[in-house]
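Let's take a walk through a structure together, one stop at a time. Keep the sequence and the 3D view open as you read.

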Amino acid sequence: MFLHIVKKELLEHLMSLRFAVACVLCFVVILASLFVRSQEHAMAMQDYHQAVAAEEAERERMYAPWQLVWRGVNVHRRPTPLRIFVEGHRVGTSGVRVDAMHRPTFVSAELQNPHAVVFPAMDLVSFGGIIMSLLAIVFGYDAICGEKERGTLRLMLSYAVPRDRVLLGKWVGGYLALIIPFLLSVLSGGALLQLQPEIEFTPSEWTRLTVVAGLTLVYIAAVYSAAIWVSGLTRRGSTSIMVLLMLWMVVVLAVPNLAPHLAQAWRPTRDSHEMESARQLAVRQAREEFEQKRRNLSSQPGPWTDLQGRDRSLALRAGRLELQRDASLSAMQELSRLEENFRAELDEQIAISRWIARLSPFASYVMATAELADAGLLTQRHFRDRVRAYQEGVTEYAFDQWIEPLRVELETGERPPRGEDDEPVPSFTYQAPAGREYMRAVIVDAGLLMALTIAFFLMGYVTFLRYDVR
Amino acid sequence: MFLTLLRKEILGHILSLRFGVTFALFLVLVFASMYVAVNKHRNDVDSYADRVRANEEALEQVLAEDRSWDRYRRLFYDEGKNDAVRGSPYAWLGEGLQGALPATVNTKGYGRTENFEAALVRSPLLELLRTLDFVYVVNVMLSLLAILFMFDAVCGEKEDGTLRLMLSNAVPRHDVLLGKWIGGYLVLQLPFLVAVGGGLLYAYTQGVFQPDRESLLRVGLLMGVAALYIAAFFNLSLFVSATTQRASTSLLVCLFLWVVFVLVVPNLAPVTAKILEPTPTPQSIQAEKEAVDNEIELKKDRVTQISGDLQYGEAVEEEMEELDREGAQRKRKWDQYYLQRRAKQTDLAATLGRLTPSACWVYAATSITNTGLESYEAFEKARRQLAEAFDQKREEIGRLMRRSRGSEWPDVTAQNLPSFHMRYPTLQGSLQHALNDILILVIVNVLFFMLAFVFFLRYDVR
């Protein structure tokens, strides 16, 4: 009997106009979005390869360590193909300039395309979160009250059919009809993407993409369950759809977008100029300390103490460079400490805004998928930390390359030629965070989504058990 | 008879549950968005004043440095000059591209400018989620409410059986349609005007909205365009209602069209334009400029080698300056090339987006509130001008100091150093930018209404 009900629900949906509309929307929008975004990704990969090649050539042309100290190198993060599916954060996804004397400069890709700020790109998450949730409402709003209006619910329940079977059959049949066009279009789009050679997923990316797809299905199930519940609370389809659409507007569109502002009002952070003033003060103090030490260097004991003439001048020069290196590293560490303080303040605000936003399942869905797709806070911070660590490594390397020939010249009397014995400039290799870090970042949101799905289904169940079918 | 029809429509809407819920939602959404935006704007204005003060103090400290060379180094190399960027006074109505503007611009010598990185003080959730401002509320939510108001205007009455009854009397169909349109639109505008009035009153009490001539005209124009935009979806749902037999079908089609017009097309347009008209990345332009720098450095080295002992003479100095000017001019050409390519891409994105009333509304609203593309371009222009003027100042002071071996320092004060001056478009300029979008909205309204009219004349009421 249960399978009969599922079959009946499925056929009813498959032969309805709403299923046709869902198919059209899913296939057209998802395929268009995946195509357009994959082209964007291909362009980003091309830019990435060109930038890496240009950077390699630039390093080859470097003839003196001071160039590395003052001009530095550009580091690039390989664009992840997961961004085809999830847009997430736009900042900090392009190249970073790293040298020994300035803080890393993160270039924002959004400055290239201001329209993308006003009209963020349609990705799978916006489609799943907004459009599929609307479709879930359209599929579920008259699941119970619609059948009551038509008179078929009374007829069905006049047989010895338990109400729980009826509800479960409706849920399964309707949900299958809802996700069939979505899954087919995503799988078709995914298959087409595989044909493009620039798009390669690592095993970790495949796993995370699967989890994103899973979360999308759970989110759609949550909204569909809510639609069935409201359908069981009302007598007429028009009332049910009105209530659902109003709730949808508030829960999906209003609450998540209000949350960061409410958190900002509740727990404001210091302004950017305070942070910048603190940074500039730290850099200035480090510089003044360095200048003072540099001026007094010759009167301090050191390797130059017993030397005269050219040897003394070489030793002093090496000494000054060591001071400069230590001052740069010390300034970098002080800046990191300052940034940690500001970050701690911001983290409190972010935590509050996350919890307010979690009143909406849409916000949980968006936050979780952004983290999984390397477009969230976890990856942003991970990347920045790696860049800072790399900056310290490059600083040590650059100054060592500058100081070492002076030492050799001091010992041997001859400056060693720049050649193949020189160590290559350390290259920046970015490793994504470990799998457990991703899980830690998304566990709360994923758990909330599943809990909501179960809660809405149970509420729908209790409501339907007491539903007056007359 | 027409007035009777009008009265019937108005009463029918007012006494429905739909009106009550819509009224409540209008009030909550519009007022909530204005409340959040007004408070944010007030904080931004206070923060701007703090930043201006902090920047003045920082500059005074640099200029108070004892030694001239240290002063020169700090001003043009190490710390530079900070200028606070003032947001649009109408950003509380629509954020637009204001989020992309930095709070402060830092300028150093050699044309280097930097935006203060906001990543450590600005919540990343603001990037992930949309800002709930008036423009967004009208764009997404009020358009949907307009659809919910009218999707069953014709087919719903047919299902109830009252349409047949009404038309069995000697009532012209165009009177019926016009009565429905005017009655429904008046009732829809009522909560909108109440909510907006409340929001403006709140903005006025917070000192954010000053009722001078320009502000009143801008706000009035924005509300007018918002009413036009809502009317477009109102007419669309009336048209769809006049082509379908069942309310559920009408709702489904209306929702489908709303999704396409509001969510799909405007959001796919920028990415499509990016593919059709690609721009070089800022890094590739930077690489080209660095290649120019390398070439100029090599030329300077050659000049130094050729001049030998005369490398510090006046003629050599002039030649070096000439090489610097050549380098600056070539780099400017790269910047212009990048801006031209980007302008082509953004124009194409805007053209593609204008296929829908949603994009027209957003472009018109952001032009009126000075938070759109024109303002962003004004910011970039001001920043470039500041970088050039600041570098010229650096050359002038550097030349003087080299000639006097650091003993002379010109009379440099905070007032005579180049500053950041960003000019937001005037009201006339904003209106010019918004005119095309307003015209498109008018045309869309007329088109949808005419379609509704034509289909209703042929509608089978049995």
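How many bridges join β1(B) to strand β2 of chain B? There are four of them, and the two strands, β1(B) and β2 (residues 104-107), run antiparallel. Before going on, some housekeeping: this is a predicted model, in which local features need pLDDT of at least 70, side-chain atom pairs count only at pLDDT 80 or more, and totals for chains, interfaces and linings use all residues. Residues are numbered from 1 along each chain as its sequence is written, while chains are lettered from A and ligands numbered from 1 in the order in which they are written.

Back to those strands. Helices (H or I, at least four residues) and strands (E, at least two) are DSSP runs, numbered from the N terminus, and two strands pair if DSSP finds at least two bridges between them. If you find Ala84(B), you'll see Thr104(B) of β2(B) opposite. In a regular strand the side chains alternate between the two faces of the sheet. You can follow that along β1(B), residues 81-84: Lys81(B) and Asp83(B) point one way, Asn82(B) and Ala84(B) the other way, and all are buried. Here "buried" has a cut-off: a residue is buried if 20 or more other C-beta atoms lie within 10 Å of its own, exposed if 12 or fewer, and partly exposed in between, with C-beta atoms placed from the backbone.

Now hop over to chain A and look at two helix pairs. Helix α11 (residues 272-296) and helix α12 (residues 309-357) of chain A pack at an angle of about 160°, their axes 9 Å apart. The axes are lines fitted to C-alpha atoms, for helices over the stretch in contact, and angles run from 0 to 180 degrees between N-to-C directions. Angles under 35 degrees count as roughly parallel, over 145 as roughly antiparallel, 65 to 115 as roughly perpendicular and the rest as oblique. That's why α11(A) and α12(A) are roughly antiparallel to each other. Their crossing is right-handed; a crossing gets that name if the near helix is turned clockwise from the far one by less than a right angle, and left-handed if anticlockwise. Among the residues that meet here are Ala282(A) and Phe290(A) in α11(A), and Leu323(A) and Phe342(A) in α12(A). The contact divides into twelve nonpolar, two polar and six charged residues. For these classes, Ala, Val, Leu, Ile, Met, Phe, Trp, Tyr, Cys and Pro count as nonpolar, Asp, Glu, Lys and Arg as charged, and the others, Gly among them, as polar.

The second pair is α8 (residues 163-194) and α15 (residues 435-465) of chain A, whose axes come within 10 Å and cross at roughly 135°. These two helices are therefore oblique to each other, and their crossing is right-handed. The contact is made by Arg163(A), Asp164(A), Leu167(A) and Trp171(A) of α8(A) with Phe457(A), Gly460(A), Tyr461(A), Phe464(A) and Leu465(A) of α15(A). By class, that gives six nonpolar, one polar and two charged residues.

How do the two chains meet? In all, 78 residues of chain B are in contact with 87 residues of chain A, where contact means that the C-beta atoms of two residues, placed from the backbone, lie within 7 Å. On the chain B side, α10(B) gives the most, with 19 residues. That side has 47 nonpolar, 19 polar and twelve charged residues. Leaving aside neighbours within four places in sequence, Arg130(B) is in contact with Asn257(A) and Tyr136(B). Arg130(B) counts as partly exposed because 15 C-beta neighbours sit inside 10 Å.

Next, a backbone detail. Most residues other than glycine have a negative phi, and most peptide bonds are trans. Asp374(A) has a positive phi of about 60° although it is not a glycine, and Asn370(B) has a positive phi of about 55°. Asp374(A) is in the loop between α13 (361-372) and α14 (377-412) of chain A, and Asn370(B) is in the loop between α13 and α14 of chain B. Asp374(A) is buried, with 27 other C-beta atoms within 10 Å, and Asn370(B) counts as buried with 27 C-beta neighbours inside 10 Å.

Last stop: Leu11(A), in helix α1 (residues 2-14) of chain A. Leu11(A) is exposed, with 12 other C-beta atoms within 10 Å.
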